[in-house]
Structures are given as C-alpha cells and as structure tokens.
Amino acid sequence: MPDNYTDDSSQSAPATPRQRARRAFLLRLLPVAVFSAVGATLATAAFKFLRPRDPQADDEASWTTVAPVSELTAAQPVARKVFVERDAGWTRTREERLVFVLAGDEHRVVSAVCTHEGCEVAWRAQAGDFFCPCHDSVFDARGRRVSGPAQRDLEALPTRIEQGHLQVQYKSFVEDSDGRA
C-alpha cells in the first residue's frame with residue numbers, strides 16, 4: 001500500500017444524482033426480482049400439477065416390454081420384472097414391479113400384487129399355486145382366488161405382442177387394489 005494512502009471514509013464525496021438514481025433503481029428492482037422468481041416457480045408448479053392429461057398419450061406410453069415371446073415357453077408361470085413410470089403430483093418416478101406370465105400360448109400376464117392388502121405373491125412350484133405370505137391368500141396357476149382373505153383374483157394385465165416381444169400395460173389400479181396408494 002502506498003504511504004500517501006489514507007482511508008478516511010468520513011471525508012468521502014457525496015453521491016452524485018446519477019449514483020443516487022442508480023441506487024434507488026436497484027433498491028426497487030430487488031423486490032420485483034424476488035417476487036417474479038417466486039411467482040414463476042409457483043406458476044410452473046401449478047401448470048405441471050393442473051395441466052390436462054391426454055389419456056391416449058398416457059396409454060401409449062405405459063406399454064412396457066416383459067420379454068421376447070420366444071423365451072416364454074415354460075410349463076408354469078414365469079416371474080418377470082417390469083419398470084413402470086408412476087406420476088405423483090408433478091413428479092414422475094420409475095419403479096420396478098413383478099408380474100407373472102402364465103403358462104400357455106395366450107400369453108396372459110397377472111400382477112404379483114395380492115388383491116387383499118397389496119403384498120407381493122410368490123409362485124410355489126411344488127404346490128402349483130400363488131401364495132401371499134402376508135395373510136395366506138392362495139391363487140391357482142391361472143391367478144384365480146382359491147382361499148384366504150383376498151376376495152378377487154389376481155389382476156390380469158392388458159397385453160400385446162410388438163415385434164416379437166410381449167408387452168404389458170401396468171396401470172395404477174393394480175397398485176391401488178384396496179383403495180390405498
């Protein structure tokens with residue numbers, strides 16, 4: 001620092017009219033910028049949450065590939081995992097779900113979600129049935145209810161074959177079988 005430098009802020013020159021105008025402008029601009037940013041954020045959230053949905057576009061997007069048809073020749077149900085996109089408010093998550101491709105040429109697919117409380121059923125090869133470990137519901141090899149507290153069969157899912165691959169449409173009603181999300 002040079003020897004002739006002094007920091008005497010009490011002797012600073014008064015602000016010029018131009019400097020005062022600039023400060024006044026910036027002081028007015030700050031609240032406008034803050035409120036604009038908050039308003040834009042709220043408007044974006046409201047638009048994403050309240051926008052009308054196109055059911056046909058949602059139906060097309062919700063088809064997911066289960067497996068190539070050539071791999072589905074087993075004599076008993078085959079467990080496969082599918083990835084499902086789920087909307088919750090304005091967020092979209094990708095979740096893994098288990099489905100069973102039933103034996104036979106019709107390529108029926110049932111959800112692994114028990115229709116009683118939403119637990120995941122398991123295929124018991126020795127017994128030849130689906131079993132829910134939560135409350136002991138039993139379903140036959142076609143997904144029909146046999147016994148237990150479940151009052152309905154396992155949910156059959158819409159299927160289609162596209163370019164040699166079995167696809168399934170996993171809807172939210174499967175996850176919400178007893179009224180819970």
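Is Arg142 buried, exposed or partly exposed? Arg142 counts as partly exposed, because its relative accessibility is 24%. Buried means under 20% relative accessible area, exposed over 50%, and partly exposed in between (1.4 Å probe, protein chains only).

1. Basis. This is a predicted model, in which local features need pLDDT of at least 70, side-chain atom pairs count only at pLDDT 80 or more, and totals for chains, interfaces and linings use all residues. Residues are numbered from 1 along each chain as its sequence is written, and side-chain values use heavy atoms, with hydrogens and water left out.

2. Arg142 and Glu106. Their side chains form a salt bridge at 2.4 Å, N to O. Arg142 lies in the loop between S7 and strand S8 (145-147) and Glu106 in the loop between S3 and S4, so the pair ties together parts 36 residues apart in sequence. Glu106 is partly exposed, at 43% relative accessible area. A salt bridge here is a side-chain nitrogen of Lys or Arg within 4 Å of a carboxyl oxygen of Asp or Glu. By this rule the count is 7 salt bridges. Strands (E, at least two residues) and helices (H or I, at least four) are DSSP runs, numbered from the N terminus.

3. Other salt bridges. Lys81 pairs with Glu96, with the closest N and O atoms 3.6 Å apart. Lys81 sits in strand S2 (residues 78-88) and Glu96 in strand S3 (residues 91-101), 15 residues apart. Lys81 is exposed at 53%; Glu96 is partly exposed at 42%. Glu71 and Arg80 also meet in a salt bridge, at 3.4 Å, N to O.

4. The disulfide. The count is 1 disulfide (a pair of cysteine sulfur atoms within 2.5 Å). Cys119 and Cys134 form it, with their sulfur atoms 2.0 Å apart. The link is left-handed, with -105 degrees about the S-S bond. Cys119 lies in the loop between strands S4 (109-111) and S5 (122-124), and Cys134 in the loop between strands S6 (129-131) and S7 (138-139), so the pair ties together parts 15 residues apart in sequence. Cys119 is buried at 17% relative accessibility. Cys134 is partly exposed at 39%.

5. Cys114 is in no disulfide; its nearest cysteine sulfur, that of Cys132, is 3.8 Å away. Cys114 is buried, at 1% relative accessibility. Cys132 is in no disulfide either, and counts as buried at 2%.

6. Helix H1. Arg23 lies in helix H1 (residues 17-50). Arg23 counts as exposed, because its relative accessibility is 51%.
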